[in-house]
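Work through the exercises below with the sequence and the 3D structure at hand. Each task is followed by a solution in steps.

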Amino acid sequence: MADPPLLELRGMNKTYDNGFQAVKDVSYSIGSGLLVGLIGPNGCGKSTMMKCINRVHPITSGDVLIDGESVKTSSHAALARKISNVPAELKVSFGLSVFDTVMTGRYPYATSLWWETREDEEIVREALKKFGVEEFANRQLHMLSSGERQRVLIAKAYVQEPRLMLVDEPTSHLDMKYKLEVMEYLQYMVKKDMSIMVAEHDISLMARYCDMCIIMKRGEIVAMGDPKEVITSELIEKVYEVNASVGFDQDGELYVLPKRYRAKHE
């Protein structure tokens, strides 16, 4: 019998108390060892869908399964050992140092009140070194640049040793150099037994680094597959209501060049 997919959504719906349906009957599955780009305009349901996957938001109907097990019945600790989350930014750091911030990623493995073990410390120090923030270990998080903070948050998610990492708009406040750096870190982190899902607005960046893309509009899946096959000028017009040129550069990398907003009266 074949192993279940790492992540599977079965007819998942999310409707808020005000009646707004943010995610509409979404079904798909992804396996291990993939960097997955989640693309779509503001309000399309990207962030909501990820928050339903890791149970930050309750699912209205349908189901989400990790390794064949429903997230609905998983304990918070068990779910945290399978799914880690990297927010777009950490709004509250409580004055924590970089070391302590990353150490909180080991909390799902705590076995006692005084829970940090020597193994936890070794894992955290190795992660600080791996993500280039070792020299900031004792510095408070708010004292770092946007790019440095993003690497700390990725390191925190990494030490959870998850099966699935959910990353929400990791490059939104970064300049060109750090956009590439963060995506290269994420690409490097993908393992045979782990996949990473990234919600991002930069379509060209997603096409360059991701193994597959999921494109959403108004809570629904519009397209899914190899970004170099599914991202076309027709798709961009359908999803974003924008005329755009989609092509390939001399290295074979896909690029998207927005040209003109397609006004609704046209």
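**Exercise 1.** In this predicted model, is Cys213 buried or exposed?

Solution. Step 1: the relative accessible area of Cys213 is 0%. Step 2: buried means under 20%. Step 3: Cys213 is therefore buried.

**Exercise 2.** How many disulfides does the structure hold? Explain the result for Cys213 and Cys52.

Solution. Step 1: a disulfide needs two cysteine sulfur atoms within 2.5 Å. Step 2: for Cys213, the closest cysteine sulfur belongs to Cys210 and lies 4.8 Å away, which is too far for a bond. Step 3: for Cys52, the closest one is in Cys44, at 13 Å, again too far for a bond. Step 4: the count for the structure is zero disulfides. Cys52 is also buried, at a relative accessible area of 0%.

**Exercise 3.** Find the place of Cys213 in the sheet.

Solution. Step 1: Cys213, in β9, is the bridge partner of Gly37. Step 2: β9 (residues 212-217) pairs with β3 (residues 35-39) in the parallel sense, over four bridges. Step 3: both strands belong to an open sheet of six strands with mixed pairing, in the order β6-β7-β8-β3-β9-β10. Step 4: β6 (83-86) and β10 (220-225) are the edge strands, each pairing on one side only.

**Exercise 4.** Which strands does helix α1 touch, and which does helix α9 touch?

Solution. Step 1: helix α1 (residues 46-53) packs on the sheet and touches β3, β6, β7, β8 and β9. Its direction makes about 150° with that of β7. Step 2: helix α9 (residues 233-240) also packs on the sheet, touching β3, β9 and β10. The direction of α9 makes about 35° with that of β9.

Note on methods:
Residues are numbered from 1 along each chain as its sequence is written. This is a predicted model: local features need pLDDT of at least 70, side-chain atom pairs count only at pLDDT 80 or more; totals for chains, interfaces and linings use all residues. Side-chain values use heavy atoms; hydrogens and water are left out. Two strands pair if DSSP finds at least two bridges between them. Helices (H or I, at least four residues) and strands (E, at least two) are DSSP runs, numbered from the N terminus. Contact means heavy atoms within 4.5 Å. Axes are lines fitted to C-alpha atoms, for helices over the stretch in contact, and angles run from 0 to 180 degrees between N-to-C directions. Buried means under 20% relative accessible area, exposed over 50%, partly exposed in between (1.4 Å probe, protein chains only).
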